[in-house]
Each structure stands twice: as structure tokens, then as C-alpha cells.
Amino acid sequence: MTGDAALLDPRHASCVYGHDVACAAFQEALKAGRLHHAWLLHGPAGIGKATLAFHLARVLLKGETLDSPAGRRISAGTHGDLLVIARAKDEKRGRLRSEITAADVRPVQDFLHHTATEGGWRVVIVDGAEFLNRFAANALLKILEEPPQNTVLFLTSAAPGALLPTIRSRCRLLALAPLGDVDMRRVLPDLTAEQMARAQGAPGRALFLATDKDGAIADLSKKILQGQSLNTDLLTQIERAVRDADGFALLCDLLGEGLADQARHAARQGEVFQAEVLARHFTECEALRRETEQMNLDKVQAIRQVVQILAGN
């Protein structure tokens with residue numbers, strides 16, 4: 001999948017695949033003059049929520065053609081009527097911060113106090129709204145409560161339940177589903193059948209899984225899911241896996257996927273107690289992941305705890 005990561009950059013996407021219903025709903029509201037001031041685009045991670053948000057922004061800002069003046073400014077991040085809020089990069093750690101802060105949201109107020117530079121709409125994209133911390137969420141809520149005219153906010157979220165109910169209630173919800181096989185092939189034509197199945201209709205997930213180039217993290221996750229006890233060899237593999245910035249996230253993702261599959265299989269076999277145990281393990285592991293990422297805790301220690309949970313220790 002060489003080069004596909006660049007093709008999936010939401011700022012540079014020339015079209016949107018798999019979300020025709022959502023696009024049509026937006027276009028219908030726009031043509032009818034009933035455009036809601038805030039839209040919450042929600043669905044599983046990696047299915048193109050940010051890509052759709054940028055596409056809809058291009059519709060409003062007349063930049064749908066990438067090589068048009070407005071289109072080029074949107075791609076370059078220099079369009080005066082578009083503001084994007086997302087998790088900032090932690091330069092010291094070389095990865096995204098664990099939350100969107102009030103300082104990240106503060107520029108929205110200043111942006112909306114100015115007249116649109118090109119005399120039309122002003123657009124704000126909040127990518128990953130579930131990462132808003134309490135102060136940032138409250139700051140955004142004030143904006144949603146009293147939105148200026150000719151302003152549209154697009155919020156994307158893979159976990160809309162994590163948002164304040166008052167934020168959700170002020171947005172029009174657009175539920176996005178995973179892509180079908182045909183659209184997945186159009187986005188990533190080089191996907192193998194195995195990669196297609198594991199991607200679960202999410203191009204972004206396919207690229208994420210592809211970061212495990214030698215399959216070492218996938219092999220490690222299988223060992224942990226099989227209940228292997230912690231020994232020197234397993235600990236060495238864990239330390240090697242989480243050394244990379246994305247290694248911890250990928251390992252946790254694969255462990256979560258495996259536990260969910262095991263729970264579903266147990267339920268189908270009528271093994272209700274085992275399914276409940278696996279579901280509880282899934283919840284415990286996800287909680288460990290969130291705590292570790294948010295508090296920047298020891299990742300090796302977190303995986304050791306997961307090993308102990310799954311080994312029954």
C-alpha cells in the first residue's frame with residue numbers, strides 16, 4: 001500500500017467514497033436553505049469522517065476542485081474562512097497529545113468574530129471531538145449555543161457517547177457506516193483479501209494495521225490472547241513492540257479486536273459465562289489503554305498487566 005497514506009490525507013482527498021447518503025443529506029439541507037449550524041459526523045475510526053468533513057467544507061467554500069484557487073488554499077491550510085481544531089502534536093514525544101485543550105479551542109472565538117474573508121461561509125472542523133477535555137468542551141458548547149450567522153461547524157467523532165449530551169443535542173447527527181468492499185478497493189486498490197477482512201470497512205484502519213510490516217506485533221498479540229504467561233522472551237517482545245510510537249496503540253487495537261472476536265464466538269456457542277469474562281477483560285484492557293495514553297504511563301507495565309489479566313493471574 002505504498003503511497004496510500006498520502007492519498008488518504010483528508011485535506012487532499014479529491015472525492016469521498018462510501019458516504020453518499022450523508023453527502024446527499026447535507027446537500028439537500030443546503031439547497032433548501034435549512035443548513036444546520038453544527039454537524040456531528042460519527043462512526044468507527046478510520047472510515048473517512050475527517051475526509052467527509054473537509055469535502056463538505058469544500059462545498060461551502062467553493063473549493064471542490066482541488067486545483068482551483070479556493071481548493072488549493074484549503075489543501076494548504078491557508079484558506080481564511082476555514083479553521084481546523086484537532087489534537088496538537090507533542091514535539092517532545094513525537095506523537096499526538098492525549099486531549100484537545102481549551103487553548104486549542106480558543107482560536108475559534110477570534111476566528112468567528114471576524115467577517116468571512118471571501119464573503120461567504122466560515123467553517124470550523126473539530127476533528128476527534130471525543131478528545132475535548134472538560135474545559136475545551138465547555139468552550140465549544142458556548143459557541144454552539146450562540147453560533148454566528150453563515151457559520152458551520154463539523155465535529156467528527158469515533159465515540160460520540162463521550163461527548164457532552166448538550167454538545168450532541170446542538171448538532172445534526174450524520175452516522176457514517178464502514179465502507180463496502182467495492183469502495184474499499186476504490187480507495188486502496190492494492191488491499192489483499194486478508195487486509196480487506198481485517199480492515200472492517202475502514203481504509204484508515206487498513207493503513208494502521210500495515211504499520212506492522214514484519215507481523216511481529218500481530219504474532220505478539222496472538223500469544224497474549226492465548227494466555228501465555230509472562231516470561232523473559234515475552235517481555236522482550238513487548239518492550240520491542242511498544243518502543244515505536246504507534247506500537248502500543250496497534251498492539252492494544254489487536255488485543256481488543258481479538259478479545260471481541262473471542263467473546264462473540266463464545267456467545268454463539270452458548271458459552272455465556274465465558275463470553276461475559278471475555279467482555280470484562282476487553283473493558284479492563286481498554287481502560288488500561290486509555291489511562292496509559294492519557295497519563296503517559298509506562299506502556300510496558302500496561303501490557304504486562306494485560307498479560308496477567310488474560311493469563312488469569
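The report below goes from overall shape to local contacts.

**Ground rules**

This is a predicted model, in which local features need pLDDT of at least 70, side-chain atom pairs count only at pLDDT 80 or more, and totals for chains, interfaces and linings use all residues. Residues are numbered from 1 along each chain as its sequence is written, and side-chain values use heavy atoms, with hydrogens and water left out.

**The whole protein**

The protein has 15 helices and seven strands. Both are DSSP runs numbered from the N terminus: helices are H or I with at least four residues, and strands are E with at least two.

How far does the C-alpha trace span along its principal axes? The spans are about 65 × 40 × 40 Å.

Of the 313 residues, 42% are buried. Buried means under 20% relative accessible area, exposed means over 50%, and partly exposed lies in between (1.4 Å probe, protein chains only). The accessible surface comes to about 16,300 Å². Carbon and sulfur atoms hold 51% of that surface. Such areas come from the Shrake-Rupley method with a 1.4 Å probe; for residues, only the protein chains shown count as cover.

Now take contacts, meaning heavy atoms within 4.5 Å. Among contacts with a separation of 6 or more, 70% are between residues 24 or more positions apart.

The protein carries 37 positive and 38 negative charges, and their mean positions are 3 Å apart. Lys and Arg count as positive, Asp and Glu as negative; His and the chain ends are not counted. A charge is placed at NZ of Lys, CZ of Arg, CG of Asp or CD of Glu.

Phe248 sits in helix H13 (residues 247-268). Is Phe248 buried or exposed? Phe248 counts as buried because its relative accessible area is 1%. Leaving aside neighbours within four places in sequence, its contacts include Ala241, Arg289, Ala302 and Ile303. Thr292 is also in contact with Phe248. The C-alpha atoms of Phe248 and Thr292 are 9.9 Å apart, and the two residues are 44 apart along the chain.

Lys299 is another contact of Phe248. Lys299 belongs to helix H15 (residues 299-310). Not counting residues up to four places away, Lys299 touches Arg95, Val242, Phe248 and Thr292. Lys299 is buried yet has no salt bridge. The nearest side chain of opposite charge is Glu293, at 7.3 Å.

**Charged pairs**

Side chains of opposite charge can pair when their charged atoms come close. A salt bridge here is a side-chain nitrogen of Lys or Arg within 4 Å of a carboxyl oxygen of Asp or Glu. By this rule there are six salt bridges. The table gives three of them.

| Positive residue | Negative residue | N to O distance |
| Arg170 | Glu145 | 3.7 Å |
| Arg186 | Asp183 | 3.0 Å |
| Arg205 | Asp253 | 2.3 Å |

Start with Arg170 and Glu145, which form a salt bridge. Arg170 lies in the loop between helix H7 (165-169) and strand S7 (172-175), and Glu145 in helix H6 (residues 134-145), so the pair ties together parts 25 residues apart in sequence. Arg170 is partly exposed, at 27% relative accessible area. Glu145 is partly exposed too, at 42%.

Arg186 and Asp183 share helix H8 (residues 181-187). They are three residues apart, about one turn of the helix. Asp183 counts as buried, at 17% relative accessibility.

The side chains of Asp253 and Arg205 also meet in a salt bridge. This pair links distant parts of the chain: Asp253 in helix H13 and Arg205 in helix H10, 48 residues apart.

Helix H10, which holds Arg205, covers residues 203-209. Arg205 is buried, with a relative accessible area of 11%. Beyond four places in sequence, Arg205 touches Gly46, Arg198, Ala199, Gln200, Asp253 and Glu257.
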